[in-house]
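Here are my notes on this model. Please read them beside the coordinates.

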Amino acid sequence: MRHPIVHDTALELYAIRDVIDHTVYLAMQLSSANGLPWFCMDIDFAKLHRTNGYQVVNAHRLMLQAMDTPQFVFEDKRHALVLLHGKLCRCH
């Protein structure tokens, strides 16, 4: 069993740890320290993470792939998808 590394934190991330939500900080830290893409729904945090050379999951593409599966029923999930689309595209 391999345990995640939590101590290799980039200075830029460490410097903002007190001004961002603790869960966001931990997610960014685990992603950067372990070389794992981060599933980030916020465009600004995703840009920050990507700017520092870390991978970010393409949430838009992931949602399109999920919607393309046979068991996906749009009517059951349409309200959540409208909210997600607004968050991903900043369409307010």
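1. Leaving aside neighbours within four places in sequence, which residues is cysteine 40 in contact with? They are Phe45, Ala46, Val56 and Ala59. Contact here means heavy atoms within 4.5 Å.

2. Some ground rules. This is a predicted model, where local features need pLDDT of at least 70, side-chain atom pairs count only at pLDDT 80 or more, and totals for chains, interfaces and linings use all residues. Residues are numbered from 1 along each chain as its sequence is written, and side-chain values use heavy atoms, with hydrogens and water left out.

3. Overall make-up. The protein has 5 helices and 0 strands, in the order α-α-α-α-α from the N terminus. These are DSSP runs numbered from the N terminus: helices are H or I with at least four residues, strands E with at least two. Of the 92 residues, 25% are buried. Buried means under 20% relative accessible area, exposed over 50%, and partly exposed in between, with a 1.4 Å probe and protein chains only. Among contacts between residues at least 6 apart in sequence, 33% join residues at least 24 apart.

4. Helix α2. It covers residues 22-34, 13 residues in total. The expected span is 1.5 Å times one less than the number of residues. That gives 18 Å, and the end C-alpha atoms are 18 Å apart, so the two agree. Buried residues of α2 include Val24, Tyr25 and Met28. The buried residues of α2 pack against α1 (11-15) and α3 (43-51). Glycine 35 follows α2, with a positive phi near 65°.

5. The core. The largest nonpolar core has 9 residues: Leu13, Ile20, Val24, Tyr25, Met28, Trp38, Cys40, Ala46 and Val56. Helix α2 supplies the largest share of this core, 3 residues. Such a core is a set of buried Ala, Val, Leu, Ile, Met, Phe, Trp, Tyr and Cys residues joined through side-chain atoms within 4.5 Å. In soluble globular proteins, nonpolar side chains tend to be buried together.

6. The cavity. There is 1 cavity of 30 Å³ or more. The largest cavity holds about 30 Å³ of space. Its lining is Ala10, Leu13, Met28, His49, Asn52 and Tyr54. A cavity is a set of points on a 1 Å grid over the protein atoms alone where a 1.4 Å probe fits but cannot get out; lining residues have an atom within 4 Å of a point.

7. Proline 37. This residue sits in the loop between α2 and α3. Proline 37 is partly exposed, at 43% relative accessible area. Leaving aside neighbours within four places in sequence, proline 37 is in contact with Ser31, Gln55, Val56 and Val57.

Note on methods. On a 1 Å grid over the protein atoms alone, a cavity is a set of points where a 1.4 Å probe fits but cannot get out, and a pocket is an open set with protein on both sides within 12 Å along at least five of seven lines; lining residues have an atom within 4 Å of a point. Grid points are joined across faces, edges and corners, and a volume is the space filled by probe spheres set on the points.
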